[in-house]
Amino acid sequence: MLGLLVRVAWLVGWLVALPWLALRRFLGRAREGTYLLVEVDGAVVEVASPPRWWPPQASRGLSLHALRELVDEASRDPHVRGLVLTVKSMRAGFATSASLRTVLARARAPGKRVVVHLPLGGGTRETYAAMAADRVFLGPTAGLAPVGLLSSARYLRGALDRAGLVPEVHARGRYKTAGERIERTSMSEAEREQVDAVLDRAHGELLRAIAAGRNVGEEQARALVDGAPYTGAEAVSAGLVDGTAYEDELPALLAEGGKAPPLRHADAYLNARTALRPRALRPRGAIAVVRVHGTIAGGGGLPFRSMAVDERVISAIRIARASRVVRGVVLHVDSPGGGALASDRIHHELVQLALEKPLVACMGNVAASGGYYVAAPAHAIVAQPTTITGSIGVIAARVVLDPLLSRLGVATEVLQRGAHARLLDPFLPLGDDDRAALDRELEQIYRAFVAVVATGRHRPVDEIEPLAQGRVWTGADAHAHGLVDKLGGFDDALELVRERIGRGADRLRVVVVRPPRKPFPVLDPPEKKAARLLSEGLSLVATGLDLDATLLALRGERVLAFAPLLPSIR
């Protein structure tokens, strides 16, 4: 009853405002030949959550889901000639960049033109995305540097030995190499094999994008990459871009028949275009988006920015499951995994959700180890060809401090009750019996992980085992091996959910589910501020060593379902 009253109130308000809305629609209509302006300056995400009024948020970046809505609206408007995408800076992985390319191709499909402007230049990812456009313009003094991809890793074993720190790493799976940065002084062959596969896939995608976008052969595309970086004039001469221009010079370059086209900001256009569509008349149903972004961990750790805390993710899942409005769910995973226990708890909630509603997992740039674990219950899994996934395996790692402490004159006395009580202290050396107990625990959790995947994939365990062993796969290889159902992005996952919902699903709105927060936020106490400052400082130090500082948030978990710390890929 309350919902009906709210809808009636919305409808009455819309009717009262109808004359103003109609005027807004009339005055905001596009003129003949209009180009819509979209700016990218920061993060590119598949779908953005609605803004909170508190605490104040900086720019939320570009939402590809919102861009798709704009593209679909413009495709139905004969007055819109095309889209101008100005890319000043772009924080996005290869998978997200591939999704942006898909949206640009969608914009071109009905005959509209797409222009990408790089006023400040760009690197490999910006070039990869820009190649989906009809025309590309570069700032006159900017540089274009599609130099390819670089993988680098720093191995700390030598430094740890000098410091008197002894690492102990226990892993299940030949390719479960997450601990080798502290265990070894150089890259293992298993790690080299899977990093090479990731680099080959991403580099191949880059070459194919340049070849298709610039209408050249793949060998010529390879030569263009190997010849980078380019200044503005050099990029034009090489054929990577169509010209150079400052922003105020774009209209003249877009002119047809000697007449510069009108340019319109996309947000203003879309608001005017949808002004006469009352929210009250929309169908009440929705497709929910539940996000698992960042390292998966239990609560109580250091407050790193990129964390998927199990309690918050579980709350979002339960909200989607209980809501009568939610008809289906897209699980968006962009996570290297984390704690095995936290991953399993999230997995359990998703199993219950999948029994009641359509559930499709959409993998972002990384959905590996615990990130794949949580995706396993989905009715279908979607990934981009360059998504990093798989890594079905578990690991435990410790750093023994005793040699260092002894060197400093610090003696350690240990009194224990229980044969394996040493497992309670992550810095004490383990005896043979302790190691055997830890190995048994790892083996049991690894077998459970493989069984979870086998159940989710509807395949026998002996078919999944060869695909496990901690091996990292690209999305394309995972698809070939049956670990992924479809290659694509968020749009494809959304379509699969709609197919499972059936009639009327194409009219359902898409909403991001966020767990509730305190209704009246207060200032953080000093200890929380100190923890946040500490975590930010540790993140800066870890970045310099190509390490993931969020591992510190997992220090209380004995067994991790964490993807190998693939060497930093740029």
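Helix H7, spanning residues 189–214, packs against helix H8, spanning residues 218–226, at an angle of about 110°, and their axes lie 8 Å apart. Angles from 65 to 115 degrees count as roughly perpendicular, so H7 is roughly perpendicular to H8. On the H7 side, the residues that take part are His-203, Leu-206, Leu-207, Arg-208, Ile-210 and Ala-211, and they meet Glu-218, Ala-221, Arg-222, Leu-224 and Val-225 of H8. Sorted by class, this contact of H7 with H8 is made of seven nonpolar, one polar and three charged residues.

The loop between H7 and H8 holds Asn-215. Its phi is near 60°, which is a positive value in a residue other than glycine. Asn-215 is exposed, with a relative accessible area of 70%. The peptide bond that runs from Ala-228 to Pro-229 is cis, with omega near 10°. Both features are worth a second look, because most residues other than glycine have a negative phi, and most peptide bonds are trans.

A positive phi also turns up at Ser-391, where the value is near 55° in a residue that is not glycine. Ser-391 belongs to the loop between strand S19 (388–390) and strand S20 (394–400). Is Ser-391 buried or exposed? With a relative accessibility of 0%, Ser-391 counts as buried, whereas Asn-215 is exposed.

Of its 570 residues, 48% are buried. Among contacts with a separation of 6 or more, 75% are between residues 24 or more positions apart.

How many aromatic pairs does the protein have? The count comes to two. One is formed by Phe-94 and Tyr-128, whose ring centres are 5.0 Å apart and whose planes are 35° apart, making the pair tilted. Phe-94 lies in helix H3 (residues 94–108) and Tyr-128 in helix H4 (residues 124–130), so this pair ties together parts that are 34 residues apart in sequence. Both partners are tucked away from the surface: Phe-94 is buried at a relative accessible area of 7%, and Tyr-128 is buried at 3%.

The other pair joins Tyr-373 and Phe-449, with ring centres 4.7 Å apart and planes at 50°, so it is tilted too. Here Tyr-373 comes from helix H14 (residues 370–375) and Phe-449 from helix H16 (residues 432–457), so the pair links parts that are 76 residues apart in sequence. Tyr-373 is buried, at a relative accessible area of 7%, and Phe-449 also counts as buried, at 0% relative accessibility.

Thr-474 lies in strand S21 (residues 472–474) and is buried, with a relative accessible area of 2%. Apart from neighbours within four places in sequence, Thr-474 is in contact with Ala-197, Val-198, Arg-201, Pro-385, Thr-387 and Thr-389. Leu-270, in turn, is found in helix H11 (residues 266–273). With neighbours within four places in sequence again set aside, Leu-270 is in contact with Glu-69, Leu-70 and Glu-73. Leu-270 and Leu-36 are 234 residues apart in sequence, yet their C-alpha atoms are 9.7 Å apart in space.

How far can the model be trusted? The mean pLDDT of the protein is 83, and 81% of the residues reach 70 or more. Confidence is highest in strand S18 (residues 380–383), at a mean of 97, and lowest in helix H20 (residues 526–544), at a mean of 51. Over residues 519–523 the pLDDT is below 50, and beyond near neighbours in sequence this stretch has one contact in the model. Where pLDDT is low, the predicted coordinates should not be read in detail.

Definitions and conventions. Residues are numbered from 1 along each chain as its sequence is written. This is a predicted model: local features need pLDDT of at least 70, side-chain atom pairs count only at pLDDT 80 or more; totals for chains, interfaces and linings use all residues. Side-chain values use heavy atoms; hydrogens and water are left out. Axes are lines fitted to C-alpha atoms, for helices over the stretch in contact, and angles run from 0 to 180 degrees between N-to-C directions. Helices (H or I, at least four residues) and strands (E, at least two) are DSSP runs, numbered from the N terminus. Angles under 35 degrees count as roughly parallel, over 145 as roughly antiparallel, 65 to 115 as roughly perpendicular and the rest as oblique. Contact means heavy atoms within 4.5 Å. Ala, Val, Leu, Ile, Met, Phe, Trp, Tyr, Cys and Pro count as nonpolar, Asp, Glu, Lys and Arg as charged, and the others, Gly among them, as polar. pLDDT is the predictor's confidence in each residue, from 0 to 100. Rings of Phe, Tyr and Trp (its six-membered ring) pair if their centres lie within 6.5 Å; planes under 30 degrees apart count as stacked, over 60 as edge-to-face and the rest as tilted. Buried means under 20% relative accessible area, exposed over 50%, partly exposed in between (1.4 Å probe, protein chains only).
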